[in-house]
Amino acid sequence: MAAQLAPGSRLVVLDWEQLIPGLKQLIQTDMVQNWITYIALVLIVTLSIMNTFLMSVLERTREFGIMLALGVSARQIGVVVLLDRCS
């Protein structure tokens, strides 16, 4: 929004969006790029954690089978897997 400084003056006050319209587009593009990077990082971290849990379970399937045969419930085995990764 342009505003005149004085009634008879030729000087006009301009908003920064009017002065440099390309800068607003650059800021918006930068925000989109930041969100894409953030989503990619969250996805990478999530897949890394899931891979760690999967490898932990796949390496110990024989042990889990023996535990199930001895009467341990699936929920208790899940607790063991979670506690093993947390320590």
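**Briefing on a predicted protein chain**

In this predicted model, Gln18 is partly exposed, with a relative accessible area of 39%; buried means under 20% relative accessible area, exposed over 50% and partly exposed in between (1.4 Å probe, protein chains only). Gln18 belongs to helix H1, which covers residues 16-19. Between Gln18 and Val57 there are 39 residues of sequence separation and 59 Å of space, C-alpha to C-alpha.

Because the model is predicted, local features need pLDDT of at least 70 and side-chain atom pairs count only at pLDDT 80 or more, while totals for chains, interfaces and linings use all residues. Residues are numbered from 1 along each chain as its sequence is written, and side-chain values use heavy atoms, with hydrogens and water left out.

**Overall architecture**

- The protein chain contains 4 helices and 2 strands; helices (H or I, at least four residues) and strands (E, at least two) are DSSP runs numbered from the N terminus.
- Read from the N terminus, the order of elements is β-β-α-α-α-α.
- The protein chain is more spread out than a compact globule, because its radius of gyration is 30 Å, well over the 12 Å that the globule rule gives for 87 residues. The radius is taken over C-alpha atoms, and the rule is 2.2 Å times the number of residues to the power 0.38.
- Along the principal axes, the C-alpha atoms of the protein chain fill a box of roughly 95 × 20 × 20 Å.

**Surface, contacts and charge**

- Of the 87 residues in the protein chain, 7% are buried.
- Taking contacts between residues at least 6 apart in sequence, 24% join residues at least 24 apart; contact means heavy atoms within 4.5 Å.
- There are 6 positive and 6 negative side chains, and the centres of the two sets lie 5 Å apart. Lys and Arg count as positive and Asp and Glu as negative, with His and the chain ends not counted; each charge is placed at NZ of Lys, CZ of Arg, CG of Asp or CD of Glu.

- The structure holds 1 aromatic pair. The ring centres of Trp35 and Tyr38 are 5.7 Å apart and their planes stand at 90 degrees, so the pair is edge-to-face.
- Rings of Phe, Tyr and Trp (its six-membered ring) pair if their centres lie within 6.5 Å; planes under 30 degrees apart count as stacked, over 60 as edge-to-face and the rest as tilted.
- Trp35 and Tyr38 are separated by about one helical turn, because they are 3 residues apart in helix H2 (residues 21-59).
- Trp35 counts as exposed, at 53% relative accessibility.

- Arg60 lies in the loop between H2 and helix H3 (61-69). Arg60 is buried, with a relative accessible area of 16%, and touches Val80 and Asp84 when residues up to four places away in sequence are not counted.
- Phe64 sits in helix H3 and counts as buried at 8% relative accessibility.
- Beyond its neighbours within four places in sequence, Phe64 is in contact with Val57, Ile77 and Val81.
- Phe64 and Val80 are 16 residues apart in sequence and 10.0 Å apart in space, C-alpha to C-alpha.
- Leu82 is part of helix H4 (residues 74-86) and is partly exposed, with a relative accessible area of 47%.
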